[in-house]
Amino acid sequence: MEVQWLLVCHGLVTLLVIVSFLCGNWPIFQGTFIQRIHIFLTFGAYDYFRRFVVLVFGPKGTGALASVEYYCCDRPNPILQIIYLGIIGGTYYILVKSSFSYIPGYYLGEVHRYTSILAVAVGILLFLVTSFSDPGTVNIENVSQYLAAYPYDNIIFFEKDCSTCKIPRPARSKHCSVCNRCVARFDHHCGWMNNCIGEKNTRYFMAFLLWHFLLCVYGVIAILFLLAGRLKELRVIHILTVYYGIENSFRSLAPHVVQWLLSSYNTQILIMAFLAIVSLLLCGFFGYHAKLCITNTTTNETFKWKEYLSWQRKLLEAKASEAALKESLVELSLDKKLPQSKWKAIFSRSRLEEVEVVQNNIYDEGFLHNLYEIIFPYSTRKSFSQKKSKLR
């Protein structure tokens with residue numbers, strides 16, 4: 001019984017760490033212990049480690065740590081790619097060693113031995129395609145085509161040159177400091193892929209997220225059917241009700257069934273819990289990027305719009321405050337003006353409440369067009385090579 005409780009505690013702690021690390025900065029967790037764990041995992045632990053290195057090794061240790069940090073965070077490196085391959089390969093290996101002996105089973109046919117291999121292989125293939133595909137590198141040969149493909153909105157994108165590449169920077173592009181190149185329709189630099197996500201490979205990235213979400217769901221369902229089959233084959237319910245005299249009801253049987261599963265199939269349950277957590281995270285991440293795709297927006301543009309709207313809102317609030325102040329001064333100068341009712345003053349709307357800033361995304365041309373642009377990027381069309389735009 002102690003082993004079962006130890007496994008449950010291990011699973012809960014693992015869940016807490018994963019959720020805190022990945023989701024601890026979400027607004028819903030602000031001011032909670034999950035946010036504090038997130039801060040410790042992302043900043044605090046490294047800060048303590050850095051202080052320890054400085055204390056023990058001095059300036060030389062600090063320099064070495066700075067070099068490692070620069071390589072890991074500011075330069076292209078395969079660290080997260082290796083970790084991904086280790087996670088998916090290790091998880092599948094453990095699943096094969098612990099569960100394939102029960103396939104075929106009561107609910108699972110032998111075909112799942114092969115469909116699982118195929119599903120994992122397709123996931124790795126999508127990972128490799130996304131990692132090594134061109135995200136839409138802008139260079140002197142194609143910059144004129146990209147300038148014609150994406151017009152400047154003169155709101156968050158203006159005509160300017162890239163100070164590093166020494167070429168005009170098309171609208172929606174950005175120079176990635178990690179990859180050291182300009183990327184068309186830049187979304188973000190993905191450390192897991194060791195590659196930028198841009199105009200050409202967003203479709204592969206979305207396929208990668210969707211497929212891995214479905215892969216995790218497939219794993220969870222397959223393990224559930226496997227455990228249900230073991231319950232049926234070993235007649236656990238029959239033994240509990242007939243030989244142990246337990247009432248044949250869900251409330252009475254559930255604790256005993258769970259205890260038996262934890263003691264006999266703890267590896268499968270831990271893998272199932274891990275896949276369920278990852279599937280939820282992938283679902284949220286895919287949903288976020290799907291929303292960006294159907295509105296023809298990128299992660300980079302989302303941050304730009306947030307900064308622009310915040311600045312515009314502050315500007316309009318300042319103008320509204322100035323207008324309200326002038327109106328108050330005019331009212332004070334009118335001696336004959338009747339005093340305003342207290343109730344009217346209480347329920348009257350503030351000018352600041354009327355301030356509204358609207359996002360005008362000129363690249364959003366409707367759901368179907370936006371989706372078509374993701375699946376068939378401009379640079380893959382014949383018309384792209386025919387477009388020319390005069391360089392400044």
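Buried means under 20% relative accessible area, exposed over 50%, and partly exposed in between, with a 1.4 Å probe and protein chains only. This is a predicted model, in which local features need pLDDT of at least 70, side-chain atom pairs count only at pLDDT 80 or more, and totals for chains, interfaces and linings use all residues. Residues are numbered from 1 along each chain as its sequence is written, and side-chain values use heavy atoms, without hydrogens or water.

**View 1. The K200–D134 salt bridge.** K200 and D134 pair through their side chains, at 3.4 Å from N to O. A salt bridge here is a side-chain nitrogen of Lys or Arg within 4 Å of a carboxyl oxygen of Asp or Glu. K200 sits in the loop between β5 (195–197) and α6, and D134 in the loop between α4 and β1 (137–138), so the pair ties together parts that are 66 residues apart in sequence. Helices (H or I, at least four residues) and strands (E, at least two) are DSSP runs, numbered from the N terminus. D134 is partly exposed, with a relative accessible area of 33%. K200 is partly exposed too, at 27% relative accessibility.

View 2. The side chains of R50 and D47 meet at 2.6 Å, N to O. Both residues belong to helix α2 (residues 33–74). They are three residues apart, about one turn of the helix. R50 is partly exposed at 35% relative accessible area, and D47 is partly exposed at 22%.

View 3. Salt bridges with shared partners join R172, R185, E301 and E373 into one network. The structure holds seven salt bridges.

**View 4. The largest nonpolar core.** A nonpolar core is a set of buried Ala, Val, Leu, Ile, Met, Phe, Trp, Tyr and Cys residues joined through side-chain atoms within 4.5 Å. The largest has 37 residues, of which F208, I223 and L227 touch the most other members. Two or more residues come from each of α3 (79–99), α4 (111–132), α6 (202–233), α7 (236–242), α8 (250–264) and α9 (266–294). The largest share, ten residues, is from α6. Leaving aside neighbours within four places in sequence, I223 is in contact (heavy atoms within 4.5 Å) with L95, Q268, I271, M272 and L275. Another core, of 19 residues, lies apart; its members include V143, Y146, I167 and A184.

**View 5. Cysteines without a disulfide.** The whole structure has zero disulfides, a disulfide being a pair of cysteine sulfur atoms within 2.5 Å. The C196 sulfur is 3.4 Å from the closest cysteine sulfur, in C176, too far for a bond. C196 is buried, at 0% relative accessibility. For C190 the closest cysteine sulfur is in C196, at 9.7 Å, again too far for a bond. C190 is buried at 8%.

View 6. The unreviewed UniProt entry places "transmembrane region" at residues 6–27, 78–95, 116–133, 204–228 and 269–288. UniProt positions follow the numbering used here, feature names are shortened, and annotations may be inferred rather than shown by experiment. Residues 78–95 are 94% helix and 0% strand, with end C-alpha atoms 26 Å apart. Residues 116–133 are 94% helix and 0% strand, with end C-alpha atoms 26 Å apart.
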